[in-house]
Amino acid sequence: MVAPRGGAANGNSPAPVKARFARNKLAVAGLIVVILFLGFCFIGPLLYATDQTHTDLTQVNLPPSAAHWLGTDAVGHDQLGRLMYGGQVSLLVGLAAGVLATVIGTLWGAVAGYAGGWVDAVMMRVVDAGIAIPALFILLVVSAITSPGTLGLIVVLGLVSWLVPSRLVRAETLTLKNRDYVLTLRATGGTHGRAVRRHILPNAVSTIVVAATFQVADAILLIAYVSYLGLGVQPPKTDWGGMLSAGLTAAYSGRWWLIVPPGLAIILVVCAFNAIGDGLRDAFDVRGRA
């Protein structure tokens, strides 16, 4: 008996999944938005070079013009360059934290679901206790105590965001571990680790990928919340949430260019990742079309 791998158990071979995803116009639009923002934030500074470290008090709060396409902020930084610079932090932290949270949650959920019994009970009570404490509260406390940098925010976000993926992977593992190919492996002397690595995780890839997409969106929102409250990355670094916080009072004076661009960037990127997640979920869910 040949055991399925890499999602074959659910009929999720790569080509049909790509075709189903491509038919979802909203998901494709979300993917295009994410790609455009990645290019804007990481390639844009090479084409539109600005100084985001030193202040220039002679260029304070200027409106959009040919010299500064999105105006300048309260210390003379070019706002368009700032948007690119801040987007690098927001996207890097969001992507890295989302991947870290998914990896931790996947390993935890797979072990809990496969082991079962008291091991599963203890591990999932830890998850339940963690979910009962708001992630934003934990992040605010840690940020207020340590003032973490970019790497610190990635680690903290990953450590407070892995709980939901772990529950999703555990539920999938509970189903997969009773499949014939897993039982056959165990009957022929295969180890538990081999069963998890070779069959459980590859066939749970759809759940893992979808969970990772939503985790990235959640991480971008969390870093925006924390930075908006002044507890994110420290100057001269910034992110989109920090730009919103810095421009809040200026908005009452009519300087919309300090608020609208970073706010729109956060909304568009988060909605794009959510659309991608919905598209991937529909693309992998062959049972819903059976």
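Modeller: For a pair of helices, the axes are lines fitted to C-alpha atoms over the stretch in contact, and the angle between N-to-C directions runs from 0 to 180 degrees. In this predicted model, helix α2, residues 25-42, packs against helix α13, residues 260-284, at an angle of about 135 degrees, and their axes lie 8 Å apart. Angles over 145 degrees count as roughly antiparallel and those from 65 to 115 as roughly perpendicular, and α2 and α13 are therefore oblique to each other. The crossing in which α2 passes α13 is left-handed. On the side of α2, the contact is made by Leu26, Ala27, Gly30, Leu31, Val33, Val34 and Phe37, while α13 brings Ala265, Leu268, Val269, Ala272, Phe273, Ala275, Ile276 and Gly279 to the contact. Sorted by class, the contact of α2 with α13 holds 13 nonpolar and two polar residues, with no charged residues.

Turning to the largest pocket, its volume is about 420 Å³, and its lining consists of 27 residues, of which Arg82, Thr238, Gly242, Met243 and Ala246 lie nearest the centre. The elements that give two or more residues to this lining are α4, residues 79-115, and α12, residues 240-251, and the largest share, seven residues, comes from α12. By class, the lining of the largest pocket divides into 10 nonpolar, 12 polar and five charged residues.

Conventions: Residues are numbered from 1 along each chain as its sequence is written. This is a predicted model: local features need pLDDT of at least 70, side-chain atom pairs count only at pLDDT 80 or more; totals for chains, interfaces and linings use all residues. Side-chain values use heavy atoms; hydrogens and water are left out. On a 1 Å grid over the protein atoms alone, a cavity is a set of points where a 1.4 Å probe fits but cannot get out, and a pocket is an open set with protein on both sides within 12 Å along at least five of seven lines; lining residues have an atom within 4 Å of a point. Grid points are joined across faces, edges and corners, and a volume is the space filled by probe spheres set on the points. Helices (H or I, at least four residues) and strands (E, at least two) are DSSP runs, numbered from the N terminus. Ala, Val, Leu, Ile, Met, Phe, Trp, Tyr, Cys and Pro count as nonpolar, Asp, Glu, Lys and Arg as charged, and the others, Gly among them, as polar. Angles under 35 degrees count as roughly parallel, over 145 as roughly antiparallel, 65 to 115 as roughly perpendicular and the rest as oblique. A crossing is left-handed if the near helix is turned anticlockwise from the far one by less than a right angle, and right-handed if clockwise. Contact means heavy atoms within 4.5 Å.
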